[in-house]
Amino acid sequence: MKNSLLSEAETIETVITQMMDRVMEKVLIGDPFKPDEFESIKPIYAALVPMEVFKGAHFERRFVTPFGKVWERLAEVIAKQRYGFVKLNHKIDGYIPAERLVLIQETLDSLEFAHGRKPNQGPCWDLELEGILEGGGDLRPVSVNCDLYVSDASDCPGSAYELKAPLPNSDQTKVSKEKMLKLHAMEPKKVDSAYYALPYNPYGENKADYTWAFPQRWFDMQNDACVLIGPEFWELIGDENSYREIIETAKRLGEEYKKRILEEYLGINFLEH
């Protein structure tokens with residue numbers, strides 16, 4: 001169900017522009033870099049390294065931190081172009097047979113404390129889920145909050161996504177896997193699918209290139225179908241052009257923001273670069 005009010009490119013541009021304007025206001029007005037204060041605190045650093053390096057690091061921290069929320073907002077606006085019901089931080093209430101809850105915990109424990117495990121005994125989403133769904137027992141109430149939920153309508157099962165930074169830590173990934181297993185274990189069925197999604201691959205274009213160690217404990221990052229990295233995530237919630245649209249929009253907006261950062265923040269003449 002397409003949103004006809006704004007195009008995908010326009011919504012992406014709005015999200016990125018709002019974030020960049022907030023960052024610029026913060027580094028120029030709200031929380032500017034103070035060379036004199038930095039030099040008084042770290043005189044050796046200031047004596048050995050150009051101040052622009054530390055000023056750049058100051059900017060980077062105030063740019064990278066809010067980008068987690070930007071990925072969520074981009075996912076939301078892109079999904080709204082395709083789906084009738086889209087929510088961030090969506091709570092799903094349901095019931096899970098007691099034996100399945102025990103099996104979920106045993107599965108997580110086996111992955112967390114798998115010292116001396118053989119290479120072929122690593123995580124395997126399909127086999128783990130198959131074993132968990134064999135469990136029965138009394139139904140227990142459970143609530144799960146997913147980062148992103150999309151569906152054709154609010155009253156029919158849809159897809160849940162755990163959307164994490166490209167280099168997540170182990171604890172974050174464990175929590176995500178537990179939530180995904182619980183969503184699939186609910187009776188009656190509450191979701192059609194649940195995914196662990198990373199907005200881009202910092203190691204290259206191919207999923208096989210992803211080598212960040214921490215999530216590998218919990219997922220087979222290269223082979224589990226529930227793991228989405230980069231374009232495959234954006235294509236699933238949008239279309240085959242969505243990821244490219246994000247990159248192209250960022251490049252186009254970057255022409256002006258790079259100029260502003262060099263001139264207004266770093267005090268460098270843009271025409272010289």
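Author: A pocket is an open set of grid points with protein on both sides within 12 Å along at least five of seven lines, and its lining residues have an atom within 4 Å of a point. The model discussed here is predicted.

Reader: Which residues line the second largest pocket?

Author: About 200 Å³ of space lies in this second largest pocket, and helix H2 (35–41) and H4 each supply at least two residues of its lining. By class, that lining divides into five nonpolar, one polar and five charged residues. The residues concerned are Asp31, Pro32, Phe33, Lys34, Glu37, Phe38, Ile41, Lys42, Phe54, His58 and Arg61.

Reader: Which element gives the most to the lining of the largest pocket?

Author: The largest pocket holds about 840 Å³ of space, and of the 31 residues that line it, those closest to its centre are Met19, Phe63, Val64, Phe67 and Trp71. Two or more lining residues come from each of helix H1 (8–30), helix H4 (51–64), helix H5 (67–80) and helix H10 (242–265). With eight residues, the element that gives the most is H10.

Reader: How many residues in the lining of the largest pocket are nonpolar?

Author: The lining comprises 31 residues, which can be sorted by class. Four of them are polar and five are charged, while the number of nonpolar residues is 22.

Reader: Which residue in E5 does Tyr196 stand opposite?

Author: Strand E4 (residues 191–198) is mostly covered, with seven of its eight residues buried, and it pairs in the parallel sense with strand E3 (residues 158–163) over six bridges, where Ser159 has Ser193 as its partner. E3, helix H8 (residues 170–185) and E4 together make a right-handed β-α-β unit. E4 also pairs in the parallel sense with strand E5 (residues 227–229), over three bridges. In E5, the residue opposite Tyr196 is Val227.

Reader: How far away is the nearest cysteine sulfur from that of Cys124, which is in no disulfide?

Author: A disulfide requires a pair of cysteine sulfur atoms within 2.5 Å, and by this rule the count comes to zero. For Cys124, the nearest cysteine sulfur is that of Cys226. Cys124 is itself partly exposed, with a relative accessible area of 28%. The distance to the sulfur of Cys226 is 9.5 Å.

Terms used
Residues are numbered from 1 along each chain as its sequence is written. This is a predicted model: local features need pLDDT of at least 70, side-chain atom pairs count only at pLDDT 80 or more; totals for chains, interfaces and linings use all residues. Side-chain values use heavy atoms; hydrogens and water are left out. On a 1 Å grid over the protein atoms alone, a cavity is a set of points where a 1.4 Å probe fits but cannot get out, and a pocket is an open set with protein on both sides within 12 Å along at least five of seven lines; lining residues have an atom within 4 Å of a point. Grid points are joined across faces, edges and corners, and a volume is the space filled by probe spheres set on the points. Helices (H or I, at least four residues) and strands (E, at least two) are DSSP runs, numbered from the N terminus. Ala, Val, Leu, Ile, Met, Phe, Trp, Tyr, Cys and Pro count as nonpolar, Asp, Glu, Lys and Arg as charged, and the others, Gly among them, as polar. Buried means under 20% relative accessible area, exposed over 50%, partly exposed in between (1.4 Å probe, protein chains only). Two strands pair if DSSP finds at least two bridges between them. A crossover is right-handed if, with the strands pointing away from the viewer, the path from the first strand over the helix to the second runs clockwise.
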